[in-house]
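Colleague: Hi! I am new to reading protein models. Could you walk me through one, feature by feature?

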Amino acid sequence: GKAIWPLLSCLVMSSIFLYAISIGLQYMGPLILGEILKLLAEETYCVVDCESRLWWGYVLAVLLLCSTAIGSLLRSHSEILMTRAALRCRAAVMCALYRKCLRLSGVGSTSTSSSGQIQNLMSTDAQQFLQIAAFFNLLWSAPLQVIVSIIWLSLLLGPALGVALAVMILFLPLQAKCGKTLIGNRRAQLKITDERVKVVNEVVQGMRVVKLSGWEGSVRSKLLSVREREVARIRSTRKVTAGFSMLLVAQPAFVLVCTFCTYAGLGNELKPEVVIPAMSLLAQLRVPLNFLPFVVIQALSLRVSLKRVGRFLLNPEIDEANVMRGAEEVEAMRTPSPEKKAANGGTELAEVMVVPKDGAPPANGNVSPASPAGQRAERPASAEVRLAGDYFWDVPEVMIDQRGRGGRGGGRGGRGGGRGR
């Protein structure tokens, strides 16, 4: 986190600032709506000596429209900035993983450096940043929204607010149970996915051995068994997710019914200027209460992924001194020493060309003429060598595709054909 923060600080702080303004504009909606309903009640029930204030109603309507539109734009721009920050995080993690792969002492040498796990880290764990990006601001704004909504609802509903909070609290253990189950399934699914990807890579890389040995059946049964366990985990996760979604949909209806039944049972009149703003505030209170557990689950999943990435990055690496020494040795092998040059008579052969006995020399004109037998021709430093004569080779045992090539040798001792056009 400390290493990535300088890369994200500007985007994250801008996103938090815009999201805070959008939250403030969001709470202007119930306030303006309550004023509009009061104004309509005054205009409806006033009969004699009433001053018309319809112009104020138009002003409130324009303010309601502007606050909603500006709040939506700011919220959308905040999500875009947070998504950009998440993309930067994902790119940084993927680059770190790729750099680590180039420096590993050996792929598969440890339980945290198999090829399947490396691919899973690249594709799945790095993607967790994007999944939490849209809900990241709820981590700090949800408690503030809950406090403001509860204080405002207490002024509108009085003691009936306790019933609404009790119903919401009753749903929290079920949501927490679903979240805990999802986290456990997530961890188990990642392990099985690593195993499946590892098996598939091994099969693809060793396909020739599998075919020659006739191991298709055993490999297929092993792969299907791993896949069945993974599908079972995915099915269990989807069932828990469906139950969690059902709780999110059913909770608002229970809260509204219990709250207003209690409010009316206490002898209060259900007035529009009280009921409608209260419904709006309850809807706004439902969002942080319902999605906060989901955000916590995503944050815990991100934590699990970061731990996996951290364990992989702590694997042993190749010693850089050995790498540099190996590069120096290769360079020394490529560059001949002065002793070798002196042993070769100071002649440096730039290229060796083999031509038939009756063939014409290349058109570049750099080939020296053939020397008489037993004599050594004097050649410059950049001379080429011409080897004259007939050259023979055995007929290859494996048939070679003849498209684009010359004719095949006619048997043992046959002359090679020319190059095809």
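Modeller: Let's begin with contacts. Among contacts in the chain between residues at least 6 apart in sequence, what share joins residues at least 24 apart? Here that share is 81%. Please keep in mind that this is a predicted model.

Colleague: Can you show me one such pair?

Modeller: Gladly. Ser-105 and Pro-316 are 211 residues apart along the chain, yet their C-alpha atoms are separated by 6.1 Å. Ser-105 sits in the loop between helix 3 and helix 4. Setting aside neighbours within four places in sequence, Ser-105 is in contact with Pro-316, Glu-317 and Ile-318.

Colleague: Is Ser-105 buried or exposed, or something in between?

Modeller: Ser-105 counts as partly exposed, because its relative accessibility is 45% and that class lies between 20% and 50%. Now take Lys-100, which belongs to helix 3. Lys-100 counts as buried because its relative accessibility is 4%, and the cut-off for buried is under 20%. Not counting residues up to four places away in sequence, Lys-100 touches Phe-312, Leu-313, Leu-314, Asn-315 and Glu-317. For the whole chain of 421 residues, 29% count as buried.

Colleague: You keep naming helices. How many helices and strands are there?

Modeller: The chain has twelve helices and two strands. Reading along the sequence, the pattern is α-α-α-α-α-α-α-α-α-α-α-α-β-β.

Colleague: And how do I describe two helices that pack together?

Modeller: Two packed helices are described by the angle between their axes and the distance between the axes. Take helix 3, residues 54–103, with helix 10: the angle is about 25° and the axes are 10 Å apart. That angle makes helix 3 roughly parallel to helix 10. The crossing of helix 3 past helix 10 is left-handed.

Colleague: Which residues of helix 3 and helix 10 meet?

Modeller: From helix 3 come Val-93, Ala-96, Leu-97, Lys-100 and Cys-101, and they meet Val-309, Phe-312 and Leu-313 of helix 10. Sorted by class, the residues of this contact are seven nonpolar, no polar and one charged.

Colleague: What about the inside? How many residues does the largest nonpolar core have?

Modeller: The largest nonpolar core has 31 residues, and those with the most contacts inside it are Leu-153, Leu-157, Val-255, Phe-260 and Leu-282. At least two residues of this core come from each of helix 1 (5–26), helix 6 (138–157), helix 7 (160–205), helix 9 (216–265) and helix 10 (272–313). Helix 7 supplies the largest share of this core, with nine residues.

Colleague: What does Leu-157 touch, leaving out residues up to four places away in sequence?

Modeller: Leu-157 touches Thr-259, Phe-260, Tyr-263, Val-274 and Ala-278. Apart from this core lies another one, of 23 residues, among them Leu-97, Leu-104, Ile-132 and Phe-312.

Conventions:
Residues numbered from 1 in each chain as written. Predicted model: local features only at pLDDT ≥ 70, side-chain atom pairs only at ≥ 80, totals over all residues. Heavy atoms only, no water. Core = buried A, V, L, I, M, F, W, Y, C linked by side-chain atoms within 4.5 Å. Buried < 20%, exposed > 50% of the residue type's maximum accessible area, 1.4 Å probe, protein only. Helix = DSSP H or I, 4+ residues; strand = E, 2+ residues; numbered from the N terminus. Contact = heavy atoms within 4.5 Å. Axes fitted to C-alpha atoms, helices over the stretch in contact; angles between N-to-C directions. Parallel < 35°, antiparallel > 145°, perpendicular 65-115°, else oblique. Left-handed = near helix turned anticlockwise from the far one by under 90°. Nonpolar A, V, L, I, M, F, W, Y, C, P; charged D, E, K, R; others polar.
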